[in-house]
Amino acid sequence: MTRVTGNPHLIKKINKSLVLDMIKSQGPLSRADVAQRSGLNKGTVSSLVKELIDEELVYEIGQGESSGGRRPVLLLFNEKAGYSIGIDLGVHYILGVLTDLQGNVVQEKRVTFHNKEYQAVLALIKETIHDLLSHMPDSRYGLIGIGIGVPGIVDKAGTVLFAPNLSWKDVPLKQEIEAAFHVPVIIDNEANAGAYGEKRLGAGQEFRNIIYVSAGIGIGVGLVLNGELYRGTSGFSGESGHMTIEVDGPPCRCGSIGCWELYASEQALLEGAQSLFATEETVSLETLLDLAEKQYQEVVQLFHRIGRYLGIGINNLVNTFNPQQVIIGNRLSMAKQWIEPAIQQVIASHTLPFHRANLNIHFSKLSLYSTALGISFFVIEDFLKKGEKVEVFL
Ligand SMILES: [Zn+2]
């Protein structure tokens, strides 16, 4: 294996990626700005920029402030050079977004479903992708890839090993989407993607240690530790929805009993509402929000109870990880007004004072888009860094 420092080809790729990243995040910049900020010499910057312009990832605009001599040309990232698709697969819905390379949403598509059978949902995912593609503008690279955030455990090959709330086991989702669309596909846990979306574009931009709680039909957790998404040894971290909070609790779909998500999820809320109204029919979160707004006290109290249980799990996570920020995302974030006071009460009465001192409890800023945008970002970053790792083992 060649040492990394001895491989000029690899060094060039890393430098090129650095220059692109700088123009993308800090542009418009002149070539001199890039040289100064990156520490690369001007000749190197010029030749890398020329390649990036040829590849249509960077373009020149107008002219910047002159410091005396000729006004420098400024460089901008060409976010319209290609498009990415991010899919948030929920337990009852699919939210798909088509984004440009900066993560701006160009088109979105929402579908709800009740038949959770894998083949049926797979067909819906494909339909959603086709629909988004029909709205994709022409560009140099076209569709650069597809990302899907799923509510379950995914291995590195993109197989969904277990998604308890969909009743899926060992489904080769990545393989099937790749075979259908012939572009790179990334499958990841929806809470990991949501955490990353909030970190990059949402409520977490200023924070380095974040616990993202995706509270939907189930509960998943995404951990950003020291500024990086933490995935665990095999990519399975964040199954906190299945931490036991009641030793003698009811059975969970995961095979255990007394799991946190049985008490604090949207599903727990809906079941609570069913017994409240003594009905067999499913009451929706939206209906319950409406009733709370109209001051139906039983419903207000039901939200309070869910908030309390959310707080209990969050307390356990905060005492474990000592984060700066907890972000509550996914569907239950819509109930912020009704669950936040209860969460805050539990944190105030349970969490260690040392851990509380620098803790911020926030709700997601991207609302229901955290996962779709986060997974789209994974795809974009993979595309922009493509080739960088290839020569490492020469
Ligand atoms: Zn469980």
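**Second largest pocket**

I looked up the second largest pocket, in what is a predicted model, and found a volume of about 760 Å³. On a 1 Å grid over the protein atoms alone, a pocket is an open set of points with protein on both sides within 12 Å along at least five of seven lines, a cavity is a set where a 1.4 Å probe fits but cannot get out, and lining residues have an atom within 4 Å of a point. Points are joined across faces, edges and corners, and a volume is the space filled by probe spheres set on them.

Of the 40 lining residues, I noted His-92, Tyr-93, Ile-217, Glu-266 and Arg-331 as the closest to the centre of this pocket. Among the elements that give two or more residues to the lining are strand 4 (83-89), strand 5 (93-100) and strand 6 (105-112), while helix 8 gives the most, with five residues. Helices (H or I, at least four residues) and strands (E, at least two) are DSSP runs numbered from the N terminus. I recorded the lining by class as 14 nonpolar, 17 polar and nine charged, with Asp, Glu, Lys and Arg as charged, Ala, Val, Leu, Ile, Met, Phe, Trp, Tyr, Cys and Pro as nonpolar, and the others, Gly among them, as polar. Domain 2 (83-193 + 371-386) and domain 3 (205-365) each supply at least three residues of this lining, the bounds coming from an automatic or database assignment.

The largest cavity holds about 30 Å³, and its lining includes Asp-88, Glu-190, Tyr-212 and Ser-370. Strand 12 (210-215) and helix 13 (370-384) are the elements that give two or more residues to that lining. Because domain 2 and domain 3 both give residues to the lining, this cavity lies between them.

I traced an open sheet of five strands in the order 6-5-4-7-11, with mixed pairing, where two strands pair if DSSP finds at least two bridges between them. Its edges are strand 6 and strand 11 (185-189), each of which pairs on one side only. Strand 5 and strand 6 are antiparallel over seven bridges, and Thr-99 stands opposite Val-105 in strand 6.

**Conventions**

I number residues from 1 along each chain as its sequence is written, and side-chain values use heavy atoms, without hydrogens and water. Local features need pLDDT of at least 70 and side-chain atom pairs count only at pLDDT 80 or more, whereas totals for chains, interfaces and linings use all residues.
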